[in-house]
Amino acid sequence: MSTDIEVKEILARLKEIADDSVGLLNEKEDTMPNAANIENIINDFFEGEILKIALVGQYSAGKSTIISALTGNQDILIDADIATDDVSEYAWNGVTIMDTPGLYTDRPEHDDRTKDAIKSSDLLIYVLTSDLFDDVILNNFKHLAYEEAYRHKMMLVVNKMSMESGDYDSLRRNYEQSLREALSPFDLSEFPICFIDAADYKDGVEEEDAELIEESHFVEFIDNLNRFIKDKQLLGRIDRPLRNVISELSIAMTKNQDHDSEMFYALLERIEKRVKRSAHKAQNEVDKVKNDIRGEIISLSRLLSNKIGEEGADLELESKQVEARIKEFVEQKNAEIEIILSEERSALTDEIQDVLTSPLAEAYFGSVEDTSSSLNGEQVKIIKMDNIQKNLNGLNIIVGRTSEGILKFSNTGVGGFVKATAASGSDLHKGLYSVGKFFGVKFKPWGAVNAAKNLTNIAKVAGPIMAAAGVVFEVVGHVKDEVNLKRVLDAKNECYSSLVSLSQEIEQAFQKQFKDYEEEAYGAILKNIVTQREEAAARYDLSSEFHQAISQNIKELNHLSVRLSR
């Protein structure tokens, strides 16, 4: 973590680079708006804008309840379902607390509003329930913490602790261990963490119940939050302008080129956003299927383990029935994934076609035709047309890969370039081969984890335990002898653990298969987009002194960002 001295050094260097960038950007008319934006970013920071803290996380985690408990505002809508549609701001203890919609509620507008709030915040409080992470929320947390590099200004809060029975300290230790395992190989100790129940605190305050207030551990959360703000406020406040200045300079880098190249970059960006969004949706769908598999297997494991110790139970028969049910369920979910990913890829193709028939694309293709028809042997225009030709070829490759050959540019029209055209309906089915390649008949997660062997072992382990123990049942079917009872409980635990392990192995098999699919279906396309953007930049002489200077400033700011997050 950066020291106070280092943070102040970073702040001073940020101001120097920002001032230098403003001077550079004001030299060119197209980038003057970016210069003005950077000036506003820096001025807002030094004028001491109030610190902003965003509460984010899964829906119905109790974010609104936490804010109501903090502020004493009883008018905040609280609901067991989705209660927050928009970002709302509340004053507390000299800072601004931002309430955000829950993540991944099948409402894309909620995700967009939350992402905007995250960008405009200085510190983040990530809220979970006592159910902790599922795959979707875990991926989002890791994305924010590590890929977006927010971990140095994040606090983790586990709410609704009263939903679980048991000793608080024991629950806390168990939850910390579960969180530690979920985040592995990353380190949980990087995040301040609190375990609370905000609703109990509110009830305790209203009923003047000191015991309920104490058991909510909310006062402890307030103390930790104040300490978090004190320790992180300068670091958090620098992080936001640093990111925003980098963003403005990156935008400026694509300016001061001819209009054709700007439209080309815009088309690439639109395609890139849609590919990333599709990849993200695909991962979420796979995570949902994995969660379904886990839930089904755990449910069956409880049923089977409960059979151990029952009088007259045929464990071998029961385990075979469970095996058949799990195998059938896994195969059903595998078929679902194949359909879902195929539909998502088809939807992506439709979105790309929308991009290529948009007003921006119309303008770009029209400009290409105008340039082609007015060459007249002029060397400058011939060079420009050569650049355009290379850009179009690159765009065609990206479009072809993204749509798996369904979309392409026609070879008719002025200069040989017109709008994109769709392939025939039969090609649509041919184009979706890659999903079946990964999740079709050749993918057998059941065989990959040797599940049948796992289940057979349950009967082999539990059966002899029961026989060797010479278990004597009372009339009601309860185990009579205490020693034998322990043997039965051990066998139950062994059965449950074996099936939980099986669930984890199957989930890992699905995730590995999806990652292979994701790399071919999405990763290669995104790499190609980056390559085309870099090659286009080189063709349009971005080696000028202006672009070199801006590029160097971006490089230095990125270095400051790395120092800040250490």
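Reply: Contact here means heavy atoms within 4.5 Å. The model is predicted, so local features need pLDDT of at least 70 and side-chain atom pairs count only at pLDDT 80 or more, while totals for chains, interfaces and linings use all residues. Residues are numbered from 1 along each chain as its sequence is written, and side-chain values use heavy atoms, with hydrogens and water left out.

Helices (H or I, at least four residues) and strands (E, at least two) are DSSP runs, numbered from the N terminus. Two strands pair if DSSP finds at least two bridges between them. The sheet is open and has 6 strands in the order E2-E3-E1-E4-E5-E6, with mixed pairing. Its edge strands, each pairing on one side only, are E2 (88-92) and E6 (193-195). From one strand to the next the twist averages 25 degrees; axes are lines fitted to C-alpha atoms, for helices over the stretch in contact, and angles run from 0 to 180 degrees between N-to-C directions.

Ser88 stands opposite Asp99 in E3.

E4 (123-129) and E5 (154-159) are both touched by helix H5, whose direction makes about 165 degrees with that of E4. E4 and E5 run parallel, joined by 6 bridges, and Leu124 has Met154 in E5 as its bridge partner. E4, H5 and E5 form a right-handed β-α-β unit; right-handed means that, with the strands pointing away from the viewer, the path from the first strand over the helix to the second runs clockwise. Buried means under 20% relative accessible area, exposed over 50%, and partly exposed in between (1.4 Å probe, protein chains only). Among the buried residues of H5 (residues 135-147) are Val136, Ile137, Phe141 and Leu144. After H5 comes Ala149, with a positive phi near 60 degrees.

E5 is largely enclosed by the rest of the structure, because 6 of its 6 residues are buried. On one side these are Met154, Leu156 and Val158, and on the other Met155, Val157 and Asn159.

E5 and E6 also run parallel, with 3 bridges, and Val158 is partnered by Phe195 in E6. E5, H6 and E6 make a right-handed β-α-β unit. H6 lies across E4, E5 and E6, at about 140 degrees to E6. Within H6 (residues 168-183) is Glu176, which counts as buried because its relative accessibility is 18%. Leaving aside neighbours within four places in sequence, Glu176 is in contact with Leu188, Ile193 and Phe195.
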